[in-house]
Amino acid sequence: MTQPTAAMLVIGDEILSGRTRDSNAHHLANVLTDAGVSLTEIRMVPDDHEIIATAVNELRARVDHLFTSGGIGPTHDDITADSVAAAFGAHIDIRPDARAILEEAYAKRGMEVNEARLRMARIPDGAALIENPVSSAPGFTIGNVHVMAGVPAVFTEMVKSVVATIEGGAPLLSWSFRCRIGEGDLAGPLGDCAKAYPDVSMGSYPFGGGAGAVLILRHTEVTRLSEAANALRVALDPLGGAEAETPPN
């Protein structure tokens with residue numbers, strides 16, 4: 001089964017300035033890998049209406065699913081919902097079902113839903129709400145775009161909800177070799193194996209200041225992955241071989 005594709009759009013000046021470290025991309029990559037969805041691109045953009053809308057249209061046209069993170073809170077710089085609506089040419093306003101969710105949640109805390117908080121109830125026409133069990137304010141899905149909060153705890157729960165509705169392909173399996181061989185010596189045999197098995201992803205990740213490397217092979221079919229791993233094992237033997245090998249579980 002072919003894996004569906006996905007991209008991620010991380011939104012926020014605080015990410016690009018370095019004030020906030022993004023962890024959502026790492027989480028999403030792991031979840032999608034396990035779900036059999038191929039994450040092909042991660043893009044980061046500032047809190048700029050035109051840039052967000054343009055990026056949404058570019059990415060959603062190339063993949064089956066686009067996940068966005070950030071910019072759906074109550075402050076003036078939370079412009080993601082309006083930008084996504086503009087990308088789709090959709091009308092956006094406070095929606096009764098989203099407003100009801102917020103009013104119920106804040107009433108339980110003894111708080112009122114003021115004008116700022118109502119910004120989080122602005123949903124484009126035709127969108128479906130994404131549940132937020134952490135802080136109540138919902139995300140939404142419109143077309144193939146899933147719009148979610150940037151707060152990691154909230155993002156994690158929203159991803160769980162969305163991914164449960166996606167039919168993925170075969171999970172990507174990995175086979176790793178740990179070698180006490182420098183990349184300069186590994187490059188030749190690894191490159192030859194990559195040419196012989198072009199459908200198998202092969203990567204080299206050095207450690208110990210370049211004294212060694214972990215070689216990772218990835219494919220959705222264990223038989224094909226095993227064939228490539230056997231070929232690489234043979235190629236490594238003249239160089240001293242691998243000190244450790246980890247096939248897929």
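A disulfide is a pair of cysteine sulfur atoms within 2.5 Å. The legends below apply that cut-off and others to a predicted model, in which local features need pLDDT of at least 70, side-chain atom pairs count only at pLDDT 80 or more, and totals for chains, interfaces and linings use all residues. Residues are numbered from 1 along each chain as its sequence is written, and side-chain values use heavy atoms, with hydrogens and water left out.

View 1. Cys179 in turn has Cys193 as its closest cysteine partner, sulfur to sulfur at 11 Å. Across the whole structure the search finds zero disulfides. Both sites are covered. Cys179 is buried at a relative accessible area of 0%, and Cys193 is buried at 6%. Buried means under 20% relative accessible area, exposed over 50%, and partly exposed in between (1.4 Å probe, protein chains only).

**View 2. The whole chain.** The chain holds nine helices and 12 strands. Helices (H or I, at least four residues) and strands (E, at least two) are DSSP runs, numbered from the N terminus. The C-alpha trace spans about 70 × 40 × 35 Å along its principal axes. Of the 249 residues, 42% count as buried. Among contacts with a separation of 6 or more, 71% join residues 24 or more positions apart. Contact means heavy atoms within 4.5 Å.

**View 3. Helix α4 and Ser83.** Helix α4 covers residues 80–88, and its buried residues include Thr80, Ala81, Val84, Ala85 and Ala87. Ser83 also lies in α4. Its relative accessibility is 0%, so Ser83 counts as buried. Beyond neighbours within four places in sequence, Ser83 is in contact with His49, Ile52 and Ala53. Val56 is 27 residues from Ser83 along the chain, with 8.6 Å between the C-alpha atoms. After α4 comes Gly89, with a positive phi near 65°.

**View 4. Nonpolar cores.** A nonpolar core is a set of buried Ala, Val, Leu, Ile, Met, Phe, Trp, Tyr and Cys residues joined through side-chain atoms within 4.5 Å. The largest has 49 residues; Leu9, Val56, Phe67, Phe140 and Met148 touch the most other members. A second, separate core of 18 residues includes Trp175, Phe177, Val200 and Ala228.

**View 5. Charges over rings.** Arg60 lies over the face of Phe88, 3.9 Å from the ring centre. Arg178 places its charged end over the ring of Phe207, at 3.9 Å from the centre. The rule asks for NZ of Lys or CZ of Arg within 6 Å of the ring centre and within 35 degrees of the ring normal.

**View 6. Tyr197 in its loop.** Tyr197 is found between α8 (183–196) and β10 (201–207). At 15% relative accessibility, Tyr197 counts as buried. Leaving out neighbours within four places in sequence, Tyr197 is in contact with Met202, Arg224, Glu227, Ala228 and Ala231. Ala228 is 31 residues from Tyr197 in sequence, yet 6.5 Å away in space, C-alpha to C-alpha.
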